[in-house]
Structure formats: C-alpha cells, structure tokens
Amino acid sequence: MKDIVVIGAGKIGSTIARMLAHSGDYRVCIADRSGEQLQQVEKHDAVSTAVVDIADRKALVALLSGKFAVLSAAPFHLTVEIAEAAAEADVHYLDLTEDVESTRQVKAIAADSRTAFIPQCGLAPGFISIVANDLTRHFDTLESVRMRVGALPQYPSNALNYNLTWSTDGVINEYIEPCEAIVEGSLIEVPAMEEREEFSLDGVTYEAFNTSGGLGTLCETLKGKVRTLNYKTIRYPGHAAIFKALLNDLGLRHRREVLKDILENALPTTTQDVVVIFVTVSGFREGRLVQETYANKVYSGVVAGRMQSGIQITTAGSICAVLDMLSEGKIPTKGFIRQEDIALDSFLANRFGHYYAQKHQTERAVS
C-alpha cells in the first residue's frame with residue numbers, strides 16, 4: 001500500500017480519500033487547517049487526518065516526507081505553496097487547479113524536481129484535455145478544437161438555473177480571470193463570460209461562454225497546429241446574463257469575498273447533478289474536411305458506498321486515475337506532466353477512469 005496525503009477535507013478531497021481507501025491499495029492522510037472539517041471525514045481503517053496550516057512550511061514538509069504523493073484539493077491560491085513543499089519533501093505532486101498562473105509556477109518548480117508534477121488532474125482542465133488531444137490524433141491537419149464542459153443541476157429551480165456543486169472560489173475565479181484561446185492561429189487572451197453561444201444535446205438547450213483555465217496546457221501544445229482552440233463552460237440559458245450583472249453592474253468582481261458569501265448563502269448544494277462533456281474537433285483527413293465529436297453525460301451515483309454528485313465522481317475519479325497510472329508506471333515519474341500526455345484508452349481502462357464510461361451515454365459521431 002502506498003501512503004498518500006490529500007490536502008483539503010472538502011467535498012472533493014473527502015471523495016478522493018474515500019475512493020483511494022476503498023481501493024485497498026492506498027493509505028490516505030487528509031490534511032486541513034480546520035479540525036472541525038476533519039471531524040466530518042468518513043471513518044475508515046485506511047484513512048487518517050492531520051490538522052496542518054499550509055502556511056506552516058516546516059509542518060507541511062514533515063507531513064509529506066516519506067509519502068508517495070500529495071494530492072491537492074485545496075483552493076487554487078494555495079497551489080504553489082503545496083507544490084513547493086512537495087518538491088522539498090521529494091514526493092509526487094498532483095492537483096486540481098484551474099488557475100493558469102499557478103500552473104505556470106508549478107511547471108517552473110518541476111524543472112528541477114526528481115518526482116512527477118502533474119497539475120490540473122480534474123475534469124476541466126484534466127479529462128477534457130485528454131479527450132481533445134486524443135481526437136486531434138485522428139487528423140492530418142487541424143482546423144478547430146472546441147471544448148465545452150458544465151456541471152449542472154438536474155432540476156434547476158432558481159433564476160441562475162444553478163446550484164453549487166463544487167468550489168465557490170473556483171467558480172468565481174474562472175468567471176473573472178482572462179481566458180487563453182487560439183484565434184486564427186494566434187495565442188491570445190479573451191475575456192471571461194463573453195462569446196456566448198447556444199447548442200442542444202439530447203433535446204436540452206444549453207448556453208456556453210468563455211471561462212478561464214479549462215484549456216490547461218493545450219494552448220501551448222497545439223500552438224502553430226490549429227486555427228481555432230477555445231474552452232467554454234456550459235450552463236442553462238439565462239445564467240450568463242444574471243452573473244454578468246452581478247460581476248459588472250454591481251461590481252462584485254472586485255469584492256470576491258462578498259460574492260462568495262452571497263452565493264454560499266443563497267444557492268443550495270445538490271448531489272442531483274449532471275456533468276456535460278462536449279468536445280468537437282475538425283480538420284483534414286486524406287484531403288477531406290472531417291469533424292469528430294465526443295459527447296458524454298455523467299450523473300450522480302453511488303461510489304464506495306455513498307451517493308456522490310456527478311462533479312465529485314468526475315473530478316475525484318480523474319485525479320485518482322492519474323495517481324493510479326503514476327503508481328503503475330504508465331506515465332512518466334519525473335518532471336512536469338501534461339494532461340495531454342495521458343492516453344485516453346489507458347485512462348478509461350483504469351478502475352477510476354472507468355467512472356466516465358459506466359452507465360452513461362457516450363457518443364462519438366463522425367460526419
């Protein structure tokens with residue numbers, strides 16, 4: 001059994017720990033600065049807890065020393081500190097961050113490391129990049145790569161058509177920070193919440209708009225190889241207009257803590273959600289312009305004996321699958337590892353990656 005530290009005892013961190021502990025191959029220590037939060041962690045013989053403040057570098061390094069890997073499910077602004085401690089403790093590092101600048105700093109830390117540094121191991125960025133990169137391999141030359149992902153309530157009941165299903169800080173950050181994209185072959189930044197579009201899938205109408213971080217490192221990987229590359233978050237129609245009023249007209253983009261407090265006290269959480277994944281790639285194959293699409297919906301379900309939301313299953317499943325592949329030597333064990341370096345078939349064949357395939361409708365259409 002390999003010893004793992006999970007930083008963050010929230011919904012995703014607890015789900016990661018549960019998945020790993022129930023696999024029988026990992027001993028997990030969940031670390032958080034809140035003792036009260038740790039008391040809510042499900043009891044299991046393979047799970048222990050530790051109260052640690054990330055700002056206390058000495059205590060964090062001591063906790064990580066001798067472990068196989070640390071998995072960060074902490075807020076994005078703690079990413080760099082945890083990565084630096086992982087490098088000092090000489091352990092593998094994986095995270096779920098969608099923050100672009102934090103990932104750049106993790107890459108710099110990995111340059112001199114003796115272990116693997118694998119950021120952005122969630123759904124988007126993460127699995128979405130693995131899917132998109134797999135599709136691009138089917139073309140001689142590329143025209144466009146369009147990536148769309150959303151975690152939505154199955155039964156929306158408010159004007160925003162939204163429930164809190166994961167990190168409030170993460171949602172706010174991706175709605176505010178600039179977004180990378182490739183437009184007419186050039187890597188540029190585009191504003192979040194803009195370039196709204198509508199599309200239908202299985203008879204349901206959705207909207208999608210620019211958000212930050214979902215592309216991961218694909219912009220760098222595909223620069224010079226594709227004309228158009230972009231990522232948008234999927235919501236039900238009407239969400240973007242109201243949220244833009246909150247951010248811009250009410251000025252809450254400059255008062256993130258106020259916005260966070262409003263959302264967490266006004267929007268209920270739910271486990272009855274659906275994760276929509278929609279990736280379309282077009283390009284030339286044997287002289288013909290061809291399009292391939294990957295579409296998938298992942299619903300909430302029972303995992304390791306407990307009902308989990310779709311976003312918990314997909315996010316925790318992704319990082320657990322990457323950890324498993326790292327443990328088995330199926331991906332490099334040193335340096336900076338991009339999500340697109342991971343083979344889709346190997347990911348889906350993994351016991352944790354398989355959550356993306358079980359009992360869900362997956363469609364790959366070629367036209």
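Q: What makes a stretch of chain a helix or a strand here, and where does that place Thr165?
A: A helix is a DSSP run of H or I with at least four residues, a strand is a run of E with at least two, and both are numbered from the N terminus. In this predicted model, Thr165 is found in the loop between strand 7 (141-153) and helix 7 (168-176).

Q: Why is Thr165 called buried?
A: The relative accessible area of Thr165 is 3%. The cut-off for buried is under 20%, so Thr165, at 3%, counts as buried.

Q: What surrounds Thr165, leaving aside its neighbours within four places in sequence?
A: Thr165 is in contact with Ala151, Thr270, Asp273 and Ile311, once those sequence neighbours are left aside. A pair of residues is in contact when heavy atoms come within 4.5 Å.

Q: What is found at the start of helix 7?
A: There, a side-chain oxygen of Ser167 reaches to within 3.4 Å of the backbone nitrogen of Asp169. The limit for a polar contact between N or O atoms is 3.5 Å.

Q: What makes Arg148 a buried residue, and which side chain does it meet in a polar contact?
A: Arg148 lies in strand 7. Its relative accessible area is 3%, and buried means under 20%, so Arg148 is buried. The side chain of Arg148 makes a polar contact with the side chain of Glu197 at 2.7 Å. Leaving aside neighbours within four places in sequence, the residues in contact with Arg148 include Glu197, Ala208, Asn230, Tyr231 and Phe278.

Q: Why does Thr136 count as buried?
A: Thr136 is found in helix 6. Its relative accessibility is 10%, and the cut-off is under 20%, so Thr136 counts as buried. Beyond four places in sequence, Thr136 is in contact with Leu142, Val145, Leu222 and Val281.

Q: Buried or exposed: what are Asn161 and Glu184 called?
A: Asn161, found in the loop between strand 7 and helix 7, has a relative accessible area of 19%. That is under 20%, so Asn161 is buried. Glu184 lies in the loop between strand 8 (179-183) and strand 9 (186-190). At 57%, Glu184 is over 50% and is therefore exposed.

Q: Which form does the peptide bond from Ala124 to Pro125 take?
A: The bond from Ala124 to Pro125 is cis, with omega near 5°. Most peptide bonds are trans. Pro125 has its place in the loop between strand 6 (116-118) and helix 6 (127-136).

Q: What makes the pair Glu180 and Arg104 a salt bridge?
A: The closest N and O atoms of Glu180 and Arg104 are 2.9 Å apart. The cut-off is 4 Å between a side-chain nitrogen of Lys or Arg and a carboxyl oxygen of Asp or Glu, so the pair qualifies.

Q: How many salt bridges and polar pairs link domain 1 and domain 2?
A: The domain assignment gives domain 1 (2-119) and domain 2 (127-307). Across their interface there are 3 salt bridges and 4 residue pairs in polar contact. On the domain 1 side, helix 1 (11-23) and helix 5 (100-110) each supply at least two residues. Helix 1 gives the largest share of that side, 4 residues. The residues of that side divide into 3 nonpolar, 1 polar and 7 charged.

Technical notes
Residues are numbered from 1 along each chain as its sequence is written. This is a predicted model: local features need pLDDT of at least 70, side-chain atom pairs count only at pLDDT 80 or more; totals for chains, interfaces and linings use all residues. Side-chain values use heavy atoms; hydrogens and water are left out. Domain bounds come from an automatic or database domain assignment. A polar contact is a pair of N or O atoms within 3.5 Å; within protein, one must be able to donate a hydrogen and the other to accept it, and residues adjacent in sequence count only if both atoms are side-chain atoms. Ala, Val, Leu, Ile, Met, Phe, Trp, Tyr, Cys and Pro count as nonpolar, Asp, Glu, Lys and Arg as charged, and the others, Gly among them, as polar. Buried means under 20% relative accessible area, exposed over 50%, partly exposed in between (1.4 Å probe, protein chains only).
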